[in-house]
Structure formats: structure tokens, C-alpha cells
Amino acid sequence: MKKNILITGGAGFIGSHVVRLFVKKYSDYQIVNLDALTYAGNLENLKEIENAPNYVFEKGDITDEKFVPALFAKYNFDGVIHLAAESHVDRSITDPMAFIKTNVFGTVNLLNAAKDAWKGNFEGKRFYHISTDEVYGALENDGTFFVETTKYAPHSPYSASKASSDHFVRAYHDTYGLPVVVSNCSNNYGANHFPEKLIPLAINNIKHKKPIPIYGKGENVRDWLWVNDHARAIDIIFHNGKDGQTYNIGGNNEWTNIDLIRMLCKIMDKKLGREQGESAKLITFVTDRAGHDLRYAIDSSKLQRELGWKPSLQFEEGLEKTVDWYLENEQWLDNVINGAYQQYYQQQYANR
Ligand code: NAD
Ligand code: TYD
């Protein structure tokens with residue numbers, strides 16, 4: 001029998017990779033992409049599969065208490081993969097409320113809709129919540145890693161809102177028996193990444209010879225994972241993860257921001273035919289982010305051991321592929337920078 005799967009946030013960065021993977025791989029699933037098309041949602045990301053017979057787009061807000069239950073009634077979902085969120089730390093510092101609304105209230109609204117639609121009959125059902133390593137707080141430069149049992153200690157309004165949503169998801173498992181699974185992933189990079197985040201912002205600025213802003217001294221450390229490897233992990237966890245469990249996903253790939261940007265500059269110099277060292281001159285140290293977490297590092301051995309996943313790409317290769325994608329998809333980047341993507345799709349879905 002055909003399965004109906006709801007993917008929320010499918011027009012965003014990671015969500016679009018997950019939607020593409022599922023639509024292409026599972027012709028026996030109907031994939032419903034629910035997305036509000038905020039500034040971060042871009043249906044251009046899904047051009048490749050937009051006309052696929054097993055794909056439907058529904059414009060809507062996960063916080064809408066009428067629309068979301070109606071969607072569950074319309075499609076009788078077997079599974080939910082929940083990615084919709086406000087995702088940018090800097091925006092959470094200036095507008096925390098938007099993060100509480102979407103990330104906390106929106107998640108609980110989806111949990112309620114699933115609980116009410118499934119009415120205690122959870123056979124073959126699954127609610128998969130996608131979260132971040134940022135809920136664990138910050139590590140020192142001491143070789144330790146976040147594991148699934150690390151105590152939550154979020155520092156930014158973004159990570160606090162994701163931590164809260166994770167707690168609600170687990171509470172619905174413990175209280176109502178909802179079949180949930182959670183994963184917490186490190187920083188993603190790759191195609192379709194919105195250029196407010198470090199790597200695509202730097203690619204765009206290098207291309208246009210604009211300053212590359214580095215917060216503080218650039219000594220903060222992030223663990224970077226190729227977005228396609230995250231999407232693969234999501235596929236594996238959705239199908240083979242155990243109810244009530246959490247899986248950490250990471251690249252085992254730690255870089256200080258400054259070393260990462262120096263490597264990116266070298267790759268860009270090569271690709272753009274510039275003299276080596278030219279792009280690095282654009283590096284500009286700026287005021288640090290408030291509450292800037294020093295280091296994130298994920299131990300993903302549980303996922304590797306129990307479900308057989310592992311990252312597929314070395315970082316340098318992944319970064320080159322990413323640069324190639326941005327250079328080959330100038331129109332995508334230009335449309336995002338000048339806002340054309342929003343005008344086009346907002347008009348198309350104006351009454352939805
Ligand atoms: P993104 O900001 O690129 O995309 C978010 C998507 O959600 C957009 O399409 C947006 O339109 C949609 N959305 C926002 N608010 C909505 C609402 N109220 N109703 C319906 N749709 C809404 O985010 P991303 O980077 O792709 O992250 C996806 C998920 O993965 C998030 O839950 C994030 O916390 C998590 N995550 C991200 C990273 C990362 O490095 N980007 C790492 C780990 C976990
Ligand atoms: P970001 O891509 O915003 O992801 P997150 O904050 O979720 O880790 O930032 C990655 C790192 O890069 C983080 O340490 C902050 C830093 N950063 C800069 O130095 N300059 C920038 O312009 C941005 C956006 C981020």
C-alpha cells in the first residue's frame with residue numbers, strides 16, 4: 001500500500017535534499033511537503049522533482065491550529081519528518097519570539113495533530129523530529145564530544161527553542177506513547193544553503209570581492225557535514241531507527257572558522273582563476289556574536305554502530321563540490337540575494 005509521508009520545511013536547505021531523496025527513491029510513497037515559504041523557503045530548490053507523480057506541495061504554517069489537523073485528515077499520514085524551523089542563530093538573537101512560535105509552538109501543534117489523527121493506533125506510524133547539536137551547548141577545546149546522553153545546555157534563543165521542541169517530542173513519547181525518533185546533527189554545508197550562513201555567505205562575498213565577516217578571532221570550532229550525508233542519515237533513521245531513541249549525526253570534521261575560510265579562499269582562487277592569496281585578503285574580523293558557542297563536536301558512533309551510517313565525503317572534496325554548485329547555479333544565488341525567488345513563489349501561492 002502507498003504510504004503518505006509528511007515532510008515539513010521541505011523548501012528549505014536540508015528539507016529540499018530530504019524531499020528530493022525520498023521522492024526519487026520511494027515511488028511507493030506520496031511525499032507531502034508542508035512549508036510556509038518564509039524567507040528561507042525556496043521552491044527553486046525542488047525544480048527537479050516538482051512534477052513527480054508522488055510529490056505534493058502544500059503551502060501552510062506549522063503553527064496553524066486549524067490547517068495542520070485538516071492536513072492530517074486530508075492525507076492520513078503514516079509518517080512525519082519534521083524539519084520546518086527558524087534556523088539562524090543571529091536572527092534568534094534579534095527576534096527570539098519567531099523562534100519560540102515556529103520551533104516550539106509549531107512542533108507541539110504537529111505533535112497534537114499526529115496524536116489526534118493516529119488516536120493511539122501507532123502501528124506503522126512514526127514522528128521523526130530533526131534537531132541540532134546546538135542543544136547540548138558548547139564544548140571546550142579538550143577533545144570531548146557530544147553524545148546522545150549529554151545534558152542539554154543551550155545558549156542561544158535558537159538552540160533553546162530547539163531544545164524545548166526536543167523535550168516536547170520526548171514528552172509526547174513518554175506521556176502518550178507517540179512513536180517518535182529524534183536526531184541531533186552538526187553544521188551542514190552543500191548546495192541550496194541560504195547565503196546568510198557562513199559558507200554560502202563567504203562564497204558569495206568572495207565571488208563579488210566583498211569583505212568576508214569573521215566573528216571574533218575566528219577561533220570557534222564547528223563540525224561540518226555534507227548535507228547529502230545528513231539526508232542519507234535521515235532516510236536510515238526514519239526507516240530503521242528505534243522508537244523513543246535519539247541519534248547524533250556528525251561529520252567527525254572539526255574546523256575553526258578561520259581555517260575553514262582560508263581553505264575556502266584557496267579553492268575559490270583556483271576556481272575563479274585568481275592569484276593564490278587574493279581572496280584571503282577579503283577576510284575581515286568583526287564584532288563577535290553574543291553568546292557565541294566555542295566548539296561543537298559530535299560523536300555519531302551510535303548511528304554508525306547500530307544503523308550502519310557513515311559520512312561519505314572528505315571535507316575538502318565536499319567544499320569543492322559546494323563551490324562548483326554555487327558557481328554553476330549563479331541564477332539561484334542571484335535570485336536569493338535580490339529576493340526574486342520570494343516574489344515569484346509568494347505570488348504563485350498568494351491565496352494559499
Ligand atoms: P532552513 O532555514 O534552510 O529551512 C527551514 C524551512 O522551514 C524553510 O523552507 C521555511 O520556509 C520553513 N518554515 C519556517 N517556518 C515555518 C513555519 N512556521 N511553517 C512551515 N514552514 C516553515 O533550515 P535548515 O538549515 O534546512 O534546517 C532544517 C532543520 O534542520 C531545522 O529544524 C534545523 O534546526 C535543523 N538543523 C539544521 C542544521 C544546519 O546546519 N542547517 C544542522 C542541524 C539541524
Ligand atoms: P552559522 O553558519 O551561522 O551556523 P551556526 O551558528 O548554527 O553554527 O555560523 C557558523 C560559524 O561561523 C559560527 O561559529 C558563527 C560564524 N560566523 C562568522 O564568523 N561570520 C558570519 O558572517 C556568520 C554568518 C557566521
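User: What makes the approach of N257 to ligand 2 a polar contact?

Analyst: A polar side-chain atom of N257 lies 2.9 Å from an oxygen atom of ligand 2. A polar contact is a pair of N or O atoms within 3.5 Å (inside the protein, one atom must be able to donate a hydrogen and the other to accept it, and residues adjacent in sequence count only if both atoms are side-chain atoms), so this pair qualifies. N187 also places a polar side-chain atom 2.9 Å from an oxygen atom of ligand 2. P213 uses a backbone N or O atom instead, 2.8 Å from a nitrogen atom of ligand 2. Taken alone, ligand 2 exposes 510 Å², and the protein buries 96% of that; such areas come from the Shrake-Rupley method with a 1.4 Å probe, and for residues only the protein chains shown count as cover.

A word on the ground rules: this is a predicted model, in which local features need pLDDT of at least 70 and side-chain atom pairs count only at pLDDT 80 or more, while totals for chains, interfaces and linings use all residues. Residues are numbered from 1 along each chain as its sequence is written, chains are lettered from A and ligands numbered from 1 in the order in which they are written, and side-chain values use heavy atoms, with hydrogens and water left out.

User: Which residues are closest to ligand 2, and how many surround it?

Analyst: There are 17 residues around ligand 2, and the closest are E134, P213, Y215, R289 and H292. A residue is near a molecule or strand if one of its heavy atoms lies within 4 Å of it. The shell divides into seven nonpolar, five polar and five charged residues. Here Ala, Val, Leu, Ile, Met, Phe, Trp, Tyr, Cys and Pro count as nonpolar, Asp, Glu, Lys and Arg as charged, and the others, Gly among them, as polar. Its largest share, three residues, comes from β8.

User: What makes up the surroundings of ligand 1?

Analyst: Here 28 residues surround the ligand, and I14, D35, S87, Y158 and K162 are the closest. By class, the shell has 13 nonpolar, 12 polar and three charged residues. The elements α1 (13–25), β5 (126–132), α5 (157–176) and β7 (187–189) each supply at least two of its residues. These names follow DSSP runs numbered from the N terminus: helices are H or I over at least four residues, and strands are E over at least two. T102 has a polar side-chain atom 3.1 Å from a nitrogen atom of ligand 1, and Y158 has one 2.7 Å from an oxygen atom of ligand 1. The protein covers 96% of the 840 Å² of accessible area that ligand 1 has on its own.

User: Why is strand β2 described as largely enclosed?

Analyst: Seven of the seven residues of β2 are buried, so the strand is largely enclosed by the rest of the structure. Buried means under 20% relative accessible area, exposed over 50%, and partly exposed in between (1.4 Å probe, protein chains only). Y29, I31, N33 and D35 point one way from β2, and Q30, V32 and L34 the other way.

User: How do you know that β2 pairs with β3?

Analyst: Two strands pair if DSSP finds at least two bridges between them. Strands β2 (residues 29–35) and β3 are joined in the parallel sense over five bridges, so they meet that rule.

User: What makes N76 and K119 stand out in their backbone?

Analyst: Most residues other than glycine have a negative phi. N76 has a positive phi of about 50°, and K119 one of about 45°; neither is a glycine. N76 sits in the loop between α2 (67–75) and β4 (79–82), while K119 is in the loop between α4 (96–118) and β5. With 54% relative accessible area, N76 is over 50% and therefore exposed. K119, at 69%, is exposed too.
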